Amino acid sequence: MDSSPATTTGGGGNNIMVSQSTAASPMDSSATAAATSVDDPKQNLTQVINSIQKTLALLHQLYLTVSSYNVASQLPLLQRMNNLVLELDNMTRLAEKCNIQVPMEVLNLIDDGKNPDEFTRDMLNGCIAKNQITKGKTDAFKGLRRHLLEELEQVFPDEVETYREIRAASAAVSF
């Protein structure tokens, strides 16, 4: 995960390479997170991602300890369980500061084993289609307006000229 030096921890013949940032207790990471707590959404998300990575590392350590369990590895197992619980608690606290809303459709796609990028693609295609429809309606109204002005100009030329002057004056004021 990072370039910090690694230490070897052993528990009953279970030698595991653990980086120092992972070996530090979750309380250290929560203290660091509290000290650098900023209301910056990007920073909050980064803290949650780091906590998720630490949790995954703790789960991996726990798996290795359980897979080669013997009586001598009981204490490291309990310590790793406690560290996991503390890191999960820390993750929950950090996640409360993040305001990320995930559409239910994305979660359903993930549950179905599909790529969530399909949701993004479908949403973009839907927006493009609606944009084309709206552009068509706008063009139709512009054509109708132009046609009405041509017809009105033939019947009421003075009023149309006054209308155009008023439009030109209001357009100049708005800039």
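My entries follow, starting with the overall layout.

**Layout.** I noted first that this is a predicted model. I looked up the secondary structure and got seven helices and two strands in the chain. Reading along the sequence, I wrote the pattern down as β-β-α-α-α-α-α-α-α. Then I checked burial: 20% of the chain's 175 residues count as buried. I also looked at contacts between residues at least 6 apart in sequence, and 50% of those join residues at least 24 apart.

**α3 and α4.** I went to helix α3 (residues 41-67) and helix α4 (residues 74-96) and asked at what angle their axes cross. The answer is roughly 160°, with the axes coming within 9 Å. An angle over 145 degrees counts as roughly antiparallel, so I put α3 down as roughly antiparallel to α4. For handedness, I have α3 passing α4 in a left-handed crossing.

Next I went through the residues that meet. On the α3 side I listed, among them, Val 48, Ile 52, Leu 58, Leu 59, Leu 62 and Val 66, and on the α4 side, among them, Leu 77, Met 81, Leu 84, Leu 88, Met 91 and Leu 94. Sorted by class, I get 13 nonpolar, seven polar and three charged residues.

**A proline in α4.** I stopped at Pro 76, which is found in helix α4. Is Pro 76 buried or exposed? Its relative accessible area is 15%, so I marked Pro 76 as buried. I also looked up its distance to Thr 65, 11 residues away along the chain: the C-alpha atoms are separated by 7.7 Å.

**α6 and α7.** Here I compared helix α6 (residues 117-155) with helix α7 (residues 157-174), which pack at about 135° with axes 6 Å apart. That angle makes α6 oblique to α7. From α6 I noted Arg 145, Leu 149, Leu 152, Glu 153, Gln 154 and Val 155, and from α7 Pro 157, Val 160, Tyr 163, Arg 164 and Arg 167. By class, I have six nonpolar, one polar and four charged residues in this contact.

**Cysteines.** How many disulfides does the structure hold? I found zero. I then looked at how accessible two of the cysteines are.

Note on methods: Residues are numbered from 1 along each chain as its sequence is written. This is a predicted model: local features need pLDDT of at least 70, side-chain atom pairs count only at pLDDT 80 or more; totals for chains, interfaces and linings use all residues. Side-chain values use heavy atoms; hydrogens and water are left out. Axes are lines fitted to C-alpha atoms, for helices over the stretch in contact, and angles run from 0 to 180 degrees between N-to-C directions. Helices (H or I, at least four residues) and strands (E, at least two) are DSSP runs, numbered from the N terminus. Angles under 35 degrees count as roughly parallel, over 145 as roughly antiparallel, 65 to 115 as roughly perpendicular and the rest as oblique. Contact means heavy atoms within 4.5 Å. Ala, Val, Leu, Ile, Met, Phe, Trp, Tyr, Cys and Pro count as nonpolar, Asp, Glu, Lys and Arg as charged, and the others, Gly among them, as polar. A crossing is left-handed if the near helix is turned anticlockwise from the far one by less than a right angle, and right-handed if clockwise. A disulfide is a pair of cysteine sulfur atoms within 2.5 Å. Buried means under 20% relative accessible area, exposed over 50%, partly exposed in between (1.4 Å probe, protein chains only).
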